[in-house]
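Let's take a walk through this structure together. Have a look at it first, and then read on.

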Amino acid sequence: MMMHGTMQDWPLLVSKLIDHAAIYHANREIVSLSCEGSKHRTNWAQVRGRAKQVAGALRRLGMQPGDRIATLAWNTWRHLESWYGISGMGGVAHTINPRLFEEQIIYIANHAEDRVLFFDLAFVKLVEKLAPSLSTIEHFVLLTDRAHMPESSLNLLCYEELLAGESVDEPWAELPETAPAGLCYTSGTTGNPKGVQYSHRSNVLHAMAAAATDTFGMGASTVVLPIAPMYHANAWSIPYVAALTGAKLVMGGPNFDPPTLHTLIVEEEVDLALAVPTIWLGMMQYLEKTGQTLGKLNRTAIGGSAVPRAMIEAYDKLGVRVLQLWGMTEMSPLGTVGAGVPETESMDYQQQLDVRIKQGRGVFGVEMKIVDDAGQELPRDGVAFGRLLVRGPWTVGSYFKGDGASAFEDGWFDTGDVATLDPLGYMQIVDRAKDVIKSGGEWVSSIDLENVAVGAPGVAEACVIGVHHPKWDERPLLLVVPKDGAEVSKENVLAYLDGKIAKWWTPDDVLVVPSLPHTATGKLLKVALREQYKDYKLPTA
């Protein structure tokens, strides 16, 4: 007979995170820029009480454990309250990305069979337009007070009035830790978006790992600003980690422009902020123009796409340490973090940068390996590259309703990335499997090329795609967006690249374009660019 340990069975539930914050860090502030235009202050104790009122309101509306409750909202205290209240009553908090195409929003809301939709003032017109196609939603709750309720064709419930009749002592649901707590859909650049359903256990374990010293290194004295939205893989788990550690949580609401974010960072004395590279690129340009600094900010975690070397150097000069991350919606999202180890700390600065441009080392809870097309594991020598497979307690085991079964292989999830692993454990993404450029039997990394090209004088953004070549199969085409007022030419960009990349990686052409398309999560939409330039004739062809 199998023996068991004699420790207590204490389920890892999301509600325990907010309980901990309310008991041990009751007065720690939560600061939001609201959709109504003001700055709002609350604390962990008040958020916990109002989250319990959300739980009570949902029960009064007839919601049951396991029901999917959707949100279409920015990062604010009301979104945070509803988020914890939904999972606390046993529901599944389905955060919908408002930047998706309307058809995708309709698809995922219906696919998830959402029963209630909480949404911000900014999305009233959108929801009115989509409502006739949302076949399962029974109640529309507007995240505002009575004074800001608009005229609407829908029978809207007012969030503040909904909560007013409920108790701050509403009990949390008693659940197994394996019960679902949240649902996020992939951005769906190919085919329909696929749902990733997080469990209470996976969210709590992920938050514990994310709080660690060599991850986000958060504690009660941290002031954290997750610019990454809550619909983007749970704002990278920061609302959970902030509750677990008792950190002060700062949220920008609907604001993503550099001046507003800069003011928020300085006024609230933020020391850790998290966002995709495009946000920090805009902030760099703002600081260059204004000559301002970032106050007490000393660390920024950047994920979503590779961080250019030039950006790391620029923020180093400002006294802000860039912590590069890699992960996916399917990984809750944390996979690797670019923290240093003793071996790297003893290197000179340029050697350290060679390591810091990699996506980071795996954290405990994430197993990684690279394999060839036959499924054979490849060496961790920093040279061999292959398909990156992952597994662990917060990595997806199957998609919601069984979609995308081909992504799973003998208990491993195929990330769709091509990567290297080096002897120190650092992983580097070579490319997305579908984006790698196959030229004359060799691979060209579009990511590496982009990261070098974005350092060229006057270049704000760069994108590399493969274009048909009669001799080499594919060759790289480089598209660059100039900074405001900058003069950029093909000749100048190629001159800058000379000596910084392998000769045979040199783009066969450079086009200066006014803008580049992005996915709903801010990544370059290369599938659209490949379609746009599929018939483009390279000058070398």
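Predicted model: local features only at pLDDT ≥ 70, side-chain atom pairs only at ≥ 80, totals over all residues.

What follows is a tour in paragraphs, from a sheet to some helices and then to a few single residues.

Residues are numbered from 1 along each chain as its sequence is written, and side-chain values use heavy atoms, with hydrogens and water left out. As for the labels, helices (H or I, at least four residues) and strands (E, at least two) are DSSP runs, numbered from the N terminus.

Let's begin with a sheet. Strands of a sheet pair through backbone hydrogen bonds, either parallel or antiparallel. Here, seven strands form an open sheet in the order β7-β6-β5-β3-β4-β8-β9, and the pairing is mixed; two strands count as paired if DSSP finds at least two bridges between them. At the edges sit β7 (156-158) and β9 (195-199), each of which pairs on one side only. From one strand to the next, the twist averages 25°. (Angles like this run from 0 to 180 degrees between N-to-C directions, and axes are lines fitted to C-alpha atoms, for helices over the stretch in contact.)

Now step across part of that sheet. Strand β3 (residues 68-72) and β4 are parallel partners over four bridges, and T71 has T95 in β4 as its bridge partner. Next, β4 runs parallel to β8, joined by two bridges, with H94 opposite L183 in β8. How many residues of strand β8 are buried? Five of the six in β8 (residues 180-185) are, so the strand is largely enclosed by the rest of the structure. Buried here means under 20% relative accessible area, exposed means over 50%, and partly exposed is in between (1.4 Å probe, protein chains only).

Strand β25 (residues 473-482) and strand β26 (residues 509-512) are parallel, with four bridges, and V480 pairs with V512 in β26. Together with helix α15 (residues 490-497), β25 and β26 make a right-handed β-α-β unit. Right-handed means that, with the strands pointing away from the viewer, the path from the first strand over the helix to the second runs clockwise.

On to the helices. Helix α7 (residues 200-210) packs against helix α8 (residues 238-245) at about 70°, with the axes 9 Å apart. That makes α7 roughly perpendicular to α8; the cut-offs are under 35 degrees for roughly parallel, over 145 for roughly antiparallel, 65 to 115 for roughly perpendicular, and oblique for the rest. On the α7 side, N203, A207, M208 and A210 meet Y240, V241 and L244 of α8, contact meaning heavy atoms within 4.5 Å. Six of the residues in this contact are nonpolar, one is polar and none is charged. (Ala, Val, Leu, Ile, Met, Phe, Trp, Tyr, Cys and Pro count as nonpolar, Asp, Glu, Lys and Arg as charged, and the others, Gly among them, as polar.)

Helix α9 (residues 258-267) and helix α10 (residues 277-290) cross at roughly 85°, their axes coming within 9 Å. So α9 is roughly perpendicular to α10. Among the residues in contact are L261 and I265 of α9 and M283 and L287 of α10. For covered residues, turn to helix α14 (residues 446-453), where six of the eight are buried, including I447, L449 and E450.

Most residues other than glycine have a negative phi, and most peptide bonds are trans. K401 is partly exposed, at 44% relative accessible area. Last stop: a cis peptide bond, with omega about 10°, joins S332 and P333, and P333 lies in the loop between β14 (321-327) and β15 (334-337).
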